[in-house]
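Look through the sequence and the model below before reading on.

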Amino acid sequence: RVAVAGSSMALLAGGGDSRGVAAGTAHAQAQGIEAAGADTVVPLLTQQSASIPVELDGAIAADHSAAPPLTDASTAVAGKAAMDHRTKSPLHASLHALTIGETLHEDGKVWRSVLGVLDDAAAELQIGELLHSDSFSLLESMSALQMMDPQMDAGMSAAKLPPPLPVPDALGTRDFIGLLDEILCGEIAWYRGLPLVQTLFKIDWLHIAAQVGDPLLRAPLLSAVRCAGAARALVLRGGVADEEDFAPSAFGLDLCTETTDEHVLELAHQAEECVQERLRSARERNGEQAPPSGATDDLPGKAAADSADSADSVEELEALLARLRLRRAHYSVMSSLLRPGAKNCEACKKMLAYALSQLPAIRASLHLGTPSAELGVSTGRASSALLGNAPQRKIELPSRDEALTAVETLYSELRAVTAITAVSGYDGLVQWLRETVESREMGVIARSYAHLAGVTEERGTLMLRLPLLPPLTIAVGELSGVPAELWRALSQLDACQERLSQMAQAFNARMRLACLNRARERRKLRILLAEWAPLQ
């Protein structure tokens with residue numbers, strides 16, 4: 001292996017200007033050069049004036065205008081101290097041949113492959129030996145890039161990937177079910193702190209959700225993309241997520257921010273009606289009594305539905321319909337979490353209950369969806385271009401059953417948070433905080449919503465409860481046992497108002513700590529207790 005750090009390289013390097021050589025990235029076949037400690041680090045060769053700048057495609061450039069032939073190069077290898085450093089080794093001969101008999105290009109440089117040099121170097125080294133230039137140091141080696149390692153060498157990622165799977169004109173029912181299950185798995189993985197581009201957008205079709213021709217397929221894809229934008233906005237605005245909780249980077253993805261909520265919900269309703277029509281036809285074929293349905297002859301996507309496989313079973317269509325309903329409900333919930341006012345909170349409660357009612361049918365039909373390996377759409381090929389040359393982490397998405405359990409937990413947490421609209425006093429707020437936030441380890445989505453809905457009083461609050469100071473003032477008066485009339489007079493004094501304001505700030509800071517993850521909460525609680533100790 002070959003390691004490159006900064007301007008140096010642990011194989012061979014230039015002369016006085018210390019410019020290094022990086023060779024054989026994506027196509028080099030050199031083997032056996034292993035990194036070693038300081039006791040085996042020995043220079044391979046030096047050159048007084050020649051310079052060999054960096055090239056990343058398996059070749060090097062030698063500047064002949066300033067470099068004489070390598071006739072004075074020297075060679076040394078660990079374990080061969082008796083060898084004369086001026087002996088002509090095969091490696092020296094290969095280097096010498098690089099600067100003889102070549103035709104210069106317009107830029108004054110000649111490009112030659114150094115794969116043979118790497119092979120000669122590998123043949124001369126023993127396990128544990130390291131070749132390096134004079135400018136290569138152990139400090140630089142700590143940040144070195146190991147060449148030929150796909151996780152570190154950018155050249156290894158330059159291999160041509162096959163293009164993403166094209167979007168079909170009409171998707172089979174089982175494939176459709178599998179696709180919707182994979183979308184849910186990607187969303188849950190992102191909510192757990194993994195990168196968006198390697199979780200949800202690992203599904204190639206989401207990159208072009210707005211351009212998908214089939215309305216039946218475009219509806220869930222577009223709603224998934226818009227849900228990602230809504231979740232990201234919620235977490236960023238909540239301000240309680242740390243780097244281990246959530247990865248907010250969008251990697252330049254198109255989150256379709258120009259698409260309105262009304263348009264997404266209209267597409268979702270049309271997709272459901274289209275599947276309901278297919279389900280009614282399937283039930284009629286099986287002699288079942290179909291429920292009444294409205295006119296659907298003019299629905300977008302009905303032509304594709306009519307041309308679909310007539311062998312679609314009632315069970316498959318019911319499973320698909322339940323997933324489409326869940327996607328619409330999930331989008332309605334996520335898009336309403338940032339809308340202020342009790343009316344929007346009540347609408348969110350209803351959609352959470354509706355989403356939870358779809359989960360049993362989805363769980364019972366998990367076996368109907370096409371597995372991810374056979375689906376061929378969760379390849380991440382479209383996302384690889386956005387990651388550039390950065391090494392990609394190995395991402396493990398949750399299973400479909402785990403994703404359903406996680407989304408059920410998320411909905412339960414959000415329903416508990418929406419109970420903030422029933423809070424009327426200080427004691428009720430304390431009880432809501434204890435039962436909703438402190439009694440469980442909530443996910444970042446629910447914690448962010450809890451902070452906006454019931455904790456913060458800064459700009460951006462959802463206005464779901466009264467300011468903290470008035471109920472706190474009443475609670476302190478009741479606790480002190482002072483008559484109500486006397487307490488109202490005392491609470492108007494400047495000294496009393498200042499102390500009550502400090503108490504409100506302290507309790508608000510404590511509530512905000514409850515919205516952090518448990519590790520951060522414990523760490524910052526010690527600081528908070530020390531800062532607010534004078535109030536005791």
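Gly239 comes directly after helix H5 and has a positive phi, near 70 degrees. The model is a predicted one. Helix H5 itself is made of 24 residues, and its first and last C-alpha atoms lie 34 Å apart, close to the 34 Å expected at 1.5 Å a residue. Of these 24 residues, 20 are buried, so H5 is mostly covered.

Leu222 is part of H5, which covers residues 215–238. Its relative accessible area is 3%, and Leu222 is therefore buried, the limit being under 20%. What is Leu222 in contact with, leaving aside its neighbours within four places in sequence? The contacts are Ala209, Ala210, Cys256, Thr259, His263, Val264 and Leu267. Gln211 is 11 residues from Leu222 along the chain, and 9.5 Å separates the C-alpha atoms of the two.

On the H12 side, the contact is made by Leu410, Glu413, Leu414 and Val417, and on the H14 side by Ile445, Ala446, Tyr449, Ala450 and Ala453. Eight residues of this contact are nonpolar, one is charged and none is polar.

Charged side chains also pair up elsewhere, and the structure holds 22 salt bridges. One of them joins the side chains of Arg174 and Glu316, with an N to O distance of 2.8 Å. Arg174 belongs to helix H4 and Glu316 to helix H8, so this pair ties together parts that are 142 residues apart in sequence. Are the two partners buried or partly exposed? Arg174 has a relative accessibility of 37% and so counts as partly exposed, whereas Glu316, at 9%, counts as buried.

Another salt bridge is formed by Arg339 and Asp261, whose closest N and O atoms are 2.8 Å apart. This pair, too, links distant parts of the chain: Arg339 is in the loop between H8 and H9, and Asp261 is in helix H6 (residues 261–285), 78 residues away. Arg339 is partly exposed, at 32% relative accessibility.

A further salt bridge brings together the side chains of Arg465 and Glu457, at 3.1 Å from N to O. Here Arg465 is buried, with a relative accessible area of 17%, while Glu457 is partly exposed at 42%. Salt bridges can also be linked to one another: Glu438, Glu441, Arg510, Arg518 and Glu521 are joined in a network of them.

Notes. Residues numbered from 1 in each chain as written. Predicted model: local features only at pLDDT ≥ 70, side-chain atom pairs only at ≥ 80, totals over all residues. Heavy atoms only, no water. Contact = heavy atoms within 4.5 Å. Helix = DSSP H or I, 4+ residues; strand = E, 2+ residues; numbered from the N terminus. Nonpolar A, V, L, I, M, F, W, Y, C, P; charged D, E, K, R; others polar. Salt bridge = Lys/Arg side-chain N within 4 Å of Asp/Glu carboxyl O. Buried < 20%, exposed > 50% of the residue type's maximum accessible area, 1.4 Å probe, protein only. Expected span 1.5 Å × (residues − 1).
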